[in-house]
Amino acid sequence: MEATPVPLDDVDQRIIAELTRDGRQSVTTVAQNVHVSRAHAYSRINRLQEEGVITRYTAVVDPVRAGLRSSAYVTLKLRQHSWRELRERLAAIPEVHHIGLVGGNFDVILLVRARDNVDLRRVIFDKLQSMPGVLDTQTFLIFEDVDTR
C-alpha cells in the first residue's frame, strides 16, 4: 500500500518540527512556539495524527547507555520475490531497529544494535544469514552515532 502525501502548510511544518524536537511538550507550549492559539494547535495536531502524518510518539534512546554497545548496518541481498515474507521475519528480531528496502548493489539495509560484538555476531550469523531468501550479507560496524533529529 503506497502512502499518499498530505498537503502541509507552514504551520503544519512548524508543528511537526516542534514535536520532532520534543514530543513530550504540551499543546500549549507547541502553540506558543509556533505562534498559534492552543485550540488551533490542538486541531492541527489531531488532523496530522488522523491523516497519518504523525504516526506515534517515541523516546530517542542512547544505545550505549541502554546497554547496546555494538551497532552495525547490515545489508542483505535477497532471493527474487522474497521481500514480503522476509519483512515480517526481520521486524520480529528485537535487535533490528530499522529496515529499509533499497535499490543498488543490495536489497535491504538494517540497523542492528546488540549488547556487544559476540551478540551482534549471533544476530548476523544465527538469525539473518540463516533466513530463507537471504543470499548474502555485508556488515558495516558503527563506530559513532550522530542523531541529527
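Predicted model: local features only at pLDDT ≥ 70, side-chain atom pairs only at ≥ 80, totals over all residues.
Residues are numbered from 1 along each chain as its sequence is written, and side-chain values use heavy atoms, without hydrogens and water.

**The helix pair.** The axes of α1 (residues 10-21) and α2 (residues 27-34) come within 10 Å and cross at roughly 130°. Axes are lines fitted to C-alpha atoms, for helices over the stretch in contact; angles run from 0 to 180 degrees between N-to-C directions. Helices (H or I, at least four residues) and strands (E, at least two) are DSSP runs, numbered from the N terminus. V11, R14, I15, E18, L19 and R21 in α1 meet V30, N33 and V34 in α2; contact means heavy atoms within 4.5 Å.

**The sheet.** An open sheet holds 4 strands in the order β2-β3-β1-β4, with antiparallel pairing. Two strands pair if DSSP finds at least two bridges between them. The edge strands are β2 (96-101) and β4 (134-142). Strands β1 (residues 70-78) and β3 (residues 108-114) are joined by 7 bridges. V74 has L110 in β3 as its bridge partner.

Two helices pack on this sheet.

| Helix | Strands touched | Direction angle |
|---|---|---|
| α4 (residues 83-91) | β1, β2, β3 and β4 | about 165° with β2 |
| α5 (residues 117-128) | β1, β3 and β4 | about 140° with β3 |
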